[in-house]
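Visitor: I have not looked at this structure before. Could you take me through some questions about it?

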Amino acid sequence: MTDETRRQGHLAVLERYRDAWTGGDFAGLTGLYADDFILHWNGDNPFAGTHVGKAATVGALLEFTRKTDRKLVAVTHIMADADKAVMIARENLAGREVERVLVYRTDGEKVLECWVLDAEQGYIDGLLKA
């Protein structure tokens, strides 16, 4: 498989992910996670660390959404190379818009791994510790 083929596969997965997320299709969104999906969250809060397995990661994401009243504002960029794909999103967390960079590893069909990098990590940590 060529680098360009892998890059296109990553983009296709993230485009389907974006479409499900912006369309409010939670089943479609989580359906793109591999069963052994791994989520890496930065920060100094109860969610920080590595969550392994689709059930564990979806549970953590749902709890994060509940605690922050998380709402997607927009997906502003999607880009990829042969190894990984990146999505930049704006979300409203507890009434404040924040930018988040999500780095994904896919197999061209499913999301295998994600690293969450927040532009306002201190705000998010404080929000989750309250």
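The questions below concern strand pairing and the nonpolar core of this predicted model.

Visitor: How many bridges pair strand β4 with strand β5?
Guide: Strand β4 covers residues 85-93 and strand β5 covers residues 96-106. The two strands form a hairpin with two residues between them. They pair in the antiparallel sense, and the number of bridges is nine.

Visitor: Which residue in the turn between β4 and β5 has a positive phi?
Guide: The hairpin of β4 and β5 leaves two residues between the strands.

Visitor: Which element supplies the largest share of the largest nonpolar core?
Guide: This core has 31 residues, and among those that touch the most other members are Tyr17, Met87 and Tyr104. Elements that each supply at least two residues include β4, β5, β6 and α1 (3-22). The largest share is six residues, and it comes from α1.

Visitor: Which residue in β5 is the bridge partner of Met87?
Guide: Met87 is one of the residues in contact with Tyr17, leaving aside neighbours of Tyr17 within four places in sequence. Met87 also has a bridge partner in β5, namely Leu102.

Key: Residues numbered from 1 in each chain as written. Predicted model: local features only at pLDDT ≥ 70, side-chain atom pairs only at ≥ 80, totals over all residues. Heavy atoms only, no water. Pairing = 2+ DSSP bridges. Helix = DSSP H or I, 4+ residues; strand = E, 2+ residues; numbered from the N terminus. Core = buried A, V, L, I, M, F, W, Y, C linked by side-chain atoms within 4.5 Å. Buried < 20%, exposed > 50% of the residue type's maximum accessible area, 1.4 Å probe, protein only. Contact = heavy atoms within 4.5 Å.
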